Amino acid sequence: MKNKEERKQLWKNAGILFAITLTAGILLGFVHELTLEPIARQQERRIQRACGAVFADAASFEKEEGTGETPVILENAEIGEVYRALSVNGGLLGYVITVTTSEGYGGDIELLLGVRPDGTVNGVSVLQISETPGLGMRAEEVLAPQFAGRQVSSFTYVKTGAVSEDQIDAISGATITTSAFTEAVNAGLSYFDERLKEAE
Amino acid sequence: MKENSALERLYNGILKENPTFVLMLGMCPTLAVTTSAVNGLGMGLTTAAVLALSNLLISLLRGLIPDKVRIPAFIVIIASFVTMAQLLLEAYLPELNEALGVYIPLIVVNCIILGRAEAYAYSHGPVSSLFDGIGMGLGFTLALTGIGAVRELLGTGECFGVRIMPSGYVPVGIFVLAPGAFFVLAALSALQNAVRNRGSASAGGARDKGCGGNCLHCPDIEVIDLNGEEQD
């Protein structure tokens, strides 16, 4: 008899818990539906803004077909989406390449590399970084501007002051970050050389 | 102050049993996100919103939720509110969402929220539970904003992104790193203990010390062992 009573209690408990989870699920569905569009819009705006940072004179960005679905691994870095930077009248100004590296000191570094059709770096901007504040975190202000306007096939970093076109000043105290960052840019440039350059 | 009145609950959460400085709960987000005052404020307010709503709902449902499955029921309710908060932040405040990162979903296992659900909302009426949540949430917000402001000020020379220190000030970088969080938390806890102890000494007794930071010594609430559930 007691057993039966216990079983009844068990079903009741399970039923109530089920009702709570069901209600929660339905409510979450509504909120998800409601925020789906604003979230997509924010994502789009984030990409446009980030692309705009490496190609200030471009009017719009168009995703290159077939990129970003299966990541391409090149020199320890991962190439994601590639965008074409277009001028007002639709002419090609260059490419924006998404590069992710996991060689950083504190997790993945994701950056955008803007390359002109002749292989000159137009600009580099950081999408995601979680390096040490005050050291590696300064990559965006210290490292990123150094690449702009240079046309080389690959960069190296030096600690004693850059002298030639293909050298980058390292952030002192953040060699791992500097190395990861430079490698990521190099990977983006190799991708450009292999896949995008001959399209011209 | 009348016990369990709205005002008493606010006072209790913000000062007497401040979750960060007195109860020492929710240390993980406290230490991790307070690299700037704005981050602390955002984290605090998000937690406060979730805490107030989950306290209210759990109190309303307390007659319906069976004792045996109360913890899973609490977690479902809390997790739903957190997910909603995250979706809304992502949609309307993406910068804050990015700054707080993984700590938004981790509000689910914040022991302040589960602790208040278990220790207060499950056994008290909806109005006082709501105010208990708001009080605790504001106490948490205040603590996080305070820690964030001090760390930002010493570590970058700014406060809420506005330059405060003279231009000759060299920022002490360690304060925005993890160890700085411990330093500042310890200093602020010591400071508020000093103020609290002086207040009660002049009043002539140690009785009004709150719970002295140890829930096990508190006669007012049912003692619960959260060690098993606390994952934060």
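Because the model is predicted, local features need pLDDT of at least 70 and side-chain atom pairs count only at pLDDT 80 or more, while totals for chains, interfaces and linings use all residues. Residues are numbered from 1 along each chain as its sequence is written, and chains are lettered from A and ligands numbered from 1 in the order in which they are written.

Chain A contains four helices and eight strands, where helices (H or I, at least four residues) and strands (E, at least two) are DSSP runs numbered from the N terminus. Along the sequence these elements follow the pattern α-β-β-β-β-β-β-α-α-β-β-α. The radius of gyration of chain A, taken over C-alpha atoms, is 24 Å, well over the 16 Å that the globule rule (2.2 Å times the number of residues to the power 0.38) gives for 200 residues, so chain A is more spread out than a compact globule. Its C-alpha trace spans about 90 × 45 × 25 Å along the principal axes.

The pLDDT, which is the predictor's confidence in each residue from 0 to 100, averages 85 in chain A, and 98% of the residues score at least 70.

Turning to the contact between the chains, 19 residues come from chain A and 22 residues from chain B, two residues being in contact if their C-beta atoms, placed from the backbone, lie within 7 Å.

The largest nonpolar core has 55 residues, of which Val50(B), Ile78(B) and Ile113(B) touch the most other members. Such a core is a set of buried Ala, Val, Leu, Ile, Met, Phe, Trp, Tyr and Cys residues joined through C-beta atoms within 7 Å, and a residue is buried if 20 or more other C-beta atoms lie within 10 Å of its own, exposed if 12 or fewer, and partly exposed in between. Helix α7(B) gives the most to this core, with 12 residues. Apart from this core lies another, of 40 residues, among them Ala77(A), Ile79(A), Ala180(A) and Tyr191(A).

Leaving aside neighbours within four places in sequence, Val50(B) is in contact with Ile78(B), Phe81(B), Val82(B), Ala85(B), Ile107(B) and Ile113(B). Leu45(B), placed in helix α3 of chain B, counts as partly exposed because 18 C-beta neighbours lie inside 10 Å.
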